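These are my notebook entries on a structure that I am reading for the first time.

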Amino acid sequence: MTSNQIRAWVVRGYIALFFLYLFGPLIIMSASAFNQSSYPTITPWEGFTVEWFGELAQNDRLVSGFINSVWIGFGVVALSVPTALAGAILLMQVSDRVRPLYYTIVVSPVLVPGVIIGISTVIFWERFGSVVGLDYETTNNPFFLTIVGQSTFISAYCMLVFIARLQRFDKTLEEAALDLGATHTQVFWKILIPFLRPAILSSVVLAFLTSFENYNTTVFTMVARGTLTTELAGLARFGVNPSISALAVVIMGLTLIFAVIYEIKKRREEAITEASVKRAAMKRRQDTAAAAAQVAT
Amino acid sequence: MQRKAGKLSANLSAMQFVQRNGLAISAYLLTFTIGWIVFMIILPQLYMFDFSFRHNLLPMEIGGPKDVYTLKNYKYLMFGREGGGEMLNWLHLAVFFKTIIASVIVTIINFLLCYPLAFFMAQMVKGRGQRLLFLCLLLPFWVNEILRAFAFKLIFAELGLVNAFLIGLGILDQPYDFLGANVALYTGLTYAYILLMIFPLYNAIESLDHNQIEAARDMGASWLKIHLRIVMPHAKPGIASGCTMVFMLTAGALAAPNILGGPSSLWFTQIIYQWYNTGGNWPQGSAYAFVLLLSCIIFVRIMMRVFKVGLGDIAKR
């Protein structure tokens, strides 16, 4: 074997090990959901069963946690996507002098540990609420706190998505529309929002999923209540029961389907933009060719 | 005079802003952004900072004569209970330093693990193979963080696969307590944030012109030298970003230590959580949280200084 061949095998072996590390644990966990053993494991294998799935539906805390998670997810999407959009548009407009400071502030939630965001949200609304005289029940409502706390950093994530898209925005479109007599509101709805649609879709998905699976912030802001993730963490910590594995199979199945649909959709969108770019380039080439032919004759 | 001029220009730019966006859109942009910055980002942190200097009082005592500033919450982290007999609060300080050091080690392992793959994906494969690799990388991370940690608990448990395997091979006589020894915790933490290391590295290495590597190889540079002198210097912003994100998330992790940590060992975030939850001492918890926040800020500043990158390079993903 030449040294090149050896190197190729080393690379292959490394990649195989890497993905074994990535997928192995999940596959083992999924398999343990179907083992009859009352302890979640695959060794020894005591026979195939689906009884652990039945146990899931009877766990009231998980079911109510799931419902809470969905509501909070909607709330976070409703708050963080518009916030992120506003933050991104403003970033494009603030003066060069202010921009670095502004950017540092709005991007900082990405870097602050989720635990700290959770704590500070709870303290702030408790104290601020009593100082300003807001209704105690509202400012200490676990759903309110969780939505606000999670949106603090999820808005920053989504803002990064919007910024990436806005950087490719052609300002002349806006100017042309204004010149033709459109109002600012019309320009916003008819030009900017359609241009941003892919970014809006991505942020909605990103915000919902991030909210759904968040633990660090939520465990503080939910106070005594629970979301699916915090209930799951409680079970995973203290209980050793194969029904967690069963839930993992359900969640993994759902997320896989969701992920694949999302990927396919994204691919298709990319393919469409690529194709239109190619078409435009081709047309331009044809036009120049035609023009050249005209000049030649 | 100068202030007047400043005010004038501020008024002018405000007018320009409204003129540019229209009244309704201006109102929307300002309401949401200011609400976010003031009520979600800045004030909560300031309130937490303020709260960390207060006594743990009953709700009715707040604002009363007992509600004065104190340093005792920070003193407690350093020296323990007053008159406790110990010189320093070793229990909590040890947890703090263990968390920081372990996070640094996890970050380094993560980098060593991800760098070759990022390089391979950025420079060696193209087209369909590359897309397949991306999809395979993304899929496990669509799964909940808790479930990923739980998977490691299963593998490293007393009756888990690793113990069964090692006993089957005759290497071990009886199950080894991997959870108690934190092996499961460190493996799980390394796993948890792989993506945040891979993607910045990939993006940075991808922009390197492959001809540079070819040229170095033609001139006889060794494989190690190519990476140390050409690829890594080029990928510096990506390395800084990946390492910072992984460090911050590891140091601030709560789910993985809760699920995978041994019963006798704590992560610093777990102490914070205890002050809030079972301890019922919020100001004390705030002081600990602020120390964690400060350590993270210092870490980011060091990374920015060492790698000479801006905050934007780090947070961009």
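At which residue of α1(A) does a kink lie? I found a kink of about 40° at A:F23, shortly before the proline A:P25; the bend at a residue is the angle between axes fitted to the seven residues ending there and the seven starting there.

I noted that this is a predicted model, in which local features need pLDDT of at least 70, side-chain atom pairs count only at pLDDT 80 or more, and totals for chains, interfaces and linings use all residues. Residues are numbered from 1 along each chain as its sequence is written, while chains are lettered from A and ligands numbered from 1 in the order in which they are written.

I then checked the span of helix α1 of chain A, residues 3-32. Helices (H or I, at least four residues) and strands (E, at least two) are DSSP runs, numbered from the N terminus. The end C-alpha atoms are 42 Å apart, which agrees with the 44 Å that 30 residues should span at 1.5 Å a residue (1.5 Å times one less than the number of residues).

I looked up the buried residues of α1(A) and found A:F18, A:P25, A:I28, A:M29 and A:S32. Buried means that 20 or more other C-beta atoms, placed from the backbone, lie within 10 Å of the residue's own.

I turned to chain B, where I found 16 helices and 0 strands. Its radius of gyration, 25 Å, is well over the 20 Å of the globule rule for 317 residues, so chain B is more spread out than a compact globule. The radius is taken over C-alpha atoms, and the rule is 2.2 Å times the number of residues to the power 0.38.

Conventions:
A residue is buried if 20 or more other C-beta atoms lie within 10 Å of its own, exposed if 12 or fewer, and partly exposed in between; C-beta atoms are placed from the backbone.
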